[in-house]
Structure formats: C-alpha cells, structure tokens
Amino acid sequence: MDDAVITQPFLGFGLGLRTDHFEHILQHQPDIDWFEVLSENYLVAGGKPRYYLEAIAEQYPVVMHGVSMSIGSSDPLDMTYLTALKKLSNDIKPKWISDHICWTSIHGINSHDLLPLPYTDETVTHVAERVAQVQDFLGERILLENVSSYLSYKDSTMDEWQFLSRVAEEADSLILLDINNIYVSARNHHFDPMTYLERIDARRVQQFHLAGHSDYGDYVIDTHDHDIPTSVWDLYQAALKRFGPVSTMIERDANIPAFPALYQELRHAQALANQTLPGNPELQRSRLGSQRCSSTENTNTNTHIKPLAYRKPLAGEMS
Ligand SMILES: [Fe+2]
C-alpha cells in the first residue's frame, strides 16, 4: 500500500461560522484556528453574509462545507450548483471543500435531507465516478462526510466504513469523519463505533466534526443543538489515538449559544487532544488559547486590525 501522505496538514481547532457570531468575530478577532462555512449561504455574491464572510476569510483560514452536492443521486450532477461552488471557492480561497456521502434529491425534487445510500459494489462505482467528475471540475480533492442515519437497506452488502473507504480509494478523494454521526448511527444500528474507527482508511481522514445530539433512549437523533456529550468526547479521544492530530471543528446548527460558550467547548477539544497526544508538535502549533482573553469580553488588544462594520454595497459593487 502506498504510504504517501495525501491529506493536508493539521489546521488546528475551528468553529462553524454562524450569522449570530459575525460581529463578535470581527470585533474581537478570537484566536480560533479556522472557520468552516456553509457554502450554500454564500453562493450569491454581494449582500451582508458575503460581506462578513470575505472580511473573516481575510483574517482566518476557512474551509467550505456543502449540503447540496447530492453525490449519490441518480440525477445528473447539478452543474449550476457546482459552477457557483467553484466561483465561491475562487473568491474566498478555502483550504478545502467538503460535502456528504449521501443523496438529497431525485428527479429534481430536493428532500432537504442527507439521506443514506445502499452500501453495494454498484453504489461504490456510481458514487466514485461522480466524485471523480466533481474533483476534475473543481481541480482538487474533496472531502465526503459520513451522515447519521436512521434506516438501512436490505440490499447493502458491506458496512458503512468499508463503503466510505472504497469510494475514497476509487475516487482518490478524502474523508471528513463526523464523530457524533458515528456515535448516532452506531446507537441506531447497533454496531461498535470503535470498529468504525479501526476499519476506516486512516490515510484519507482530513477533518473531524464534533457535535451534540438528542438521545431518546431507543434511538438517537443528530440534532446539532446541544453541547457535545461525554459519549462523543470519549469517541473523539479514541479517534485521536487512531488518527493522530486531525483538523477538528465544532458544528452547532441550532440553539446556538453565545460565541464564548462555543469557544470554551473548543478549548475542551484542544485540552482532550493535548491529553491524548501529549507533546505532539502539530498540536502545539494551534493558536487557540494564545490570547490573554479570547473572545469572552470586549478586551481586544489587536489595535492594528480595525473592527469592521457592515456597509451596504453601492450599486455597481455587486458582482
Ligand atoms: Fe457533520
């Protein structure tokens, strides 16, 4: 097996960029290593979201994360969407682009959900061919994320970790491992999440997501509206032991707390990583926690960077 490193270097500890935090980030410039942006929110040039994104992308590394590629669908690839995605990428220069290994639409009807695929040889070939087409179009490898699921197909002939690894190998793509999604699916489908971590192709894992969920006892829903629970932190530590330092971000999509609360949760991820991989030189390069006060109060001392205020674009400035 080829041992060449194909993943990008460890980026540190990041947060999902959320509208609620735009002003806070520009005013305080917290020592977050990077931000993940939801691509679909910024595909139209101009306007307030794009103004904030461009201002933040000037100061922080960003990665793009999408929900609309529908890479597993039997519909043709949506070239209008991919063209807009490429344009956004050219504009904000993300470190990488990701989406989910799922299908969202069929016959042009969008379910607005990340639906699981049957895990078969035929699906591996179908998805890998489409990933290769997307990568050729974008000119770079993309990351595909494992989704949480609540049903499985009788037709499946392999486990999810095998399916993800085979698609990544055949398409020469990368993997975004959502640790919470592994936990949620493991509970719902009664498999051991440690087996998932042990069997997935470690050479292609470039990013982790961490999130919370809603636990209903018999089943678990991937709601992203809670703090990260102990069960997911434990699995995160196991993942760090297996994969070493992997760019990690917290994905909070609803019930979004004030920025300082998410910042503290991210510091906890960093503390666990340092505890799990003591003295690791890549972890030492993270700037998280390097400021005397990181975003908890209005005590920004970076006087060389002026806080920005949104100015409505003038006619002719929209592109
Ligand atoms: Fe995720």
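In what sense do strand E1 and strand E12 pair, and over how many bridges? In this predicted model, strand E1 (residues 13–16) and strand E12 (residues 247–250) pair in the parallel sense over 3 bridges. Within this pairing, Leu15 is the residue opposite Ile250 of E12.

Both strands belong to a closed barrel of 8 strands, in the order E1-E2-E3-E4-E7-E8-E9-E12, and the pairing is parallel. On average, and with direction ignored, neighbouring strands of this sheet are turned by 30 degrees against each other.

In soluble globular proteins, nonpolar side chains tend to be buried together.

Residues up to four places away in sequence are left out for Ile179 and for Arg242.

| Residue | Contacts |
|---|---|
| Ile179 | Phe208, His209, Leu210, Val232, Leu235, Tyr236, Ala239 |
| Arg242 | Leu197, Glu198, Ala202 |

Why is Arg242 classed as partly exposed? Arg242 has 15 other C-beta atoms within 10 Å, and the class applies because this count lies between the limits of 12 or fewer for exposed and 20 or more for buried. Arg242 and Thr104 are 138 residues apart along the chain, and their C-alpha atoms are separated by 31 Å.

Key. Residues numbered from 1 in each chain as written. Predicted model: local features only at pLDDT ≥ 70, side-chain atom pairs only at ≥ 80, totals over all residues. Contact = placed C-beta atoms within 7 Å. Pairing = 2+ DSSP bridges. Helix = DSSP H or I, 4+ residues; strand = E, 2+ residues; numbered from the N terminus. Axes fitted to C-alpha atoms, helices over the stretch in contact; angles between N-to-C directions.
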